[in-house]
Amino acid sequence: MALTLRVVVPPHPLIAHWLTMARDARTPTPLFRTALQELGRWLGYEALRDWLPHQPLTVATPLGETTGHVVDQAVDLAVVPVLRAGLGLWDGARSVLPNARIWHVGLRRGQEAGTAQWYYNGLPDAIDQQTGVLVLDPILARGDTMTAVLERLQSMGVAGKRLRVITALCSAPGLQRIGAAFPDLVIYTACIDPELNPAGLVLPGLGDAGDRLFGTGG
């Protein structure tokens with residue numbers, strides 16, 4: 001059976017609420033920052049639902065004994081926030097992944113169409129074969145940045161079930177590109193928008209996430 005990109009859009013009212021707050025051009029920087037945090041929290045929760053390793057544990061309650069489950073701390077998890085806007089999602093996702101390793105990466109759009117240039121690489125020299133990796137980037141537009149990050153991780157042996165992506169907003173063209181290159185990937189997002197404008201921004205989108213998160217860009 002051929003592999004197909006799996007895109008999950010959780011039907012959660014809080015995810016829809018905070019995406020709407022992020023989209024609204026009238027939303028001030030502090031509230032936009034909160035919106036990204038909450039999207040990181042709730043999308044992170046959904047992404048971990050069937051992915052976070054756990055194990056049974058028998059405990060004594062005040063009245064008896066029972067068996068439950070706890071997160072398996074022996075399994076290594078890492079988060080890759082894509083600078084700079086990925087920090088907004090991580091501020092919320094950290095509440096559901098408090099023990100994860102953090103590996104920041106930074107890329108900017110290349111001079112040639114469809115390319116991205118690295119300006120910061122916080123990935124380690126090697127990644128253990130058992131480490132699960134979660135990539136955070138608020139917007140997947142043309143897919144240049146995400147393709148570059150996923151290619152780098154793939155070259156280090158991280159792919160398939162070990163890898164997931166969280167993004168607040170995707171474009172349909174960007175997902176087509178990512179799906180063609182990484183058909184075994186799972187992406188969690190709040191919404192899929194239909195198109196890109198000539199500048200490569202998602203329509204209707206939410207604008208430049210980095211500028212809105214940090215109050216820059218005029």
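Predicted model: local features only at pLDDT ≥ 70, side-chain atom pairs only at ≥ 80, totals over all residues.

Modeller: The second largest pocket has a volume of about 170 Å³. Sorted by class, the lining of the second largest pocket has eight nonpolar, two polar and two charged residues.

The largest pocket holds about 720 Å³ of space. Its lining is made up of 31 residues, and those closest to the centre are Arg 109, Asp 137, Ile 139, Thr 145 and Asp 208. Which elements give two or more residues to the lining of this pocket? They are the strands E4, E6 (105-109), E9 and E15, and the helices H4 (144-155) and H6. By class, the lining of the largest pocket divides into 16 nonpolar, seven polar and eight charged residues.

The volume of the largest cavity is about 40 Å³. Leu 150, Gln 154, Val 158, Ala 159, Gly 160, Leu 163, Phe 182, Asp 184 and Leu 185 line the largest cavity. Six of these lining residues are nonpolar, two are polar and one is charged.

Strand E9, one of the elements that line the largest pocket, also belongs to a sheet. Three strands make up this open sheet, in the order E9-E11-E13, and their pairing is parallel. Strands E9 (139-140) and E13 (192-193) stand at the edges with a single partner strand each, so one side of each has no neighbour in the sheet. Strand E11 (residues 169-171) pairs with E13 in the parallel sense over two bridges. Cys 170 has Ile 192, in E13, as its bridge partner. Helix H5 (residues 172-181) lies across E9, E11 and E13, and runs at about 80 degrees to E11.

Two loops next to elements already named contain cis peptide bonds. Most peptide bonds are trans. The bond from Leu 83 to Arg 84 is cis, with omega near 0 degrees. Arg 84 is in the loop between strand E4 (77-83) and helix H3 (86-93), and E4 is one of the elements that line the largest pocket. Leu 203 and Pro 204 are also joined by a cis peptide bond, with omega about 0 degrees. Pro 204 is found in the loop between strand E15 (202-203) and helix H6 (209-214); E15 and H6 both give residues to the lining of the largest pocket.

One more feature concerns aromatic rings. The structure holds one aromatic pair. Trp 42 and Tyr 45 form this pair, which is edge-to-face, with 6.2 Å from centre to centre and 70 degrees between the planes. Both residues lie in helix H2 (residues 29-48), three residues apart, about one turn of the helix.

Note on methods. Residues numbered from 1 in each chain as written. Heavy atoms only, no water. 1 Å grid on protein atoms, 1.4 Å probe; cavity = no way out; pocket = protein on both sides within 12 Å on 5 of 7 lines; lining within 4 Å. Points joined across faces, edges and corners; volume = space filled by probe spheres on them. Nonpolar A, V, L, I, M, F, W, Y, C, P; charged D, E, K, R; others polar. Pairing = 2+ DSSP bridges. Helix = DSSP H or I, 4+ residues; strand = E, 2+ residues; numbered from the N terminus. Contact = heavy atoms within 4.5 Å. Axes fitted to C-alpha atoms, helices over the stretch in contact; angles between N-to-C directions. Phe/Tyr/Trp six-rings, centres within 6.5 Å; stacked < 30°, edge-to-face > 60°.
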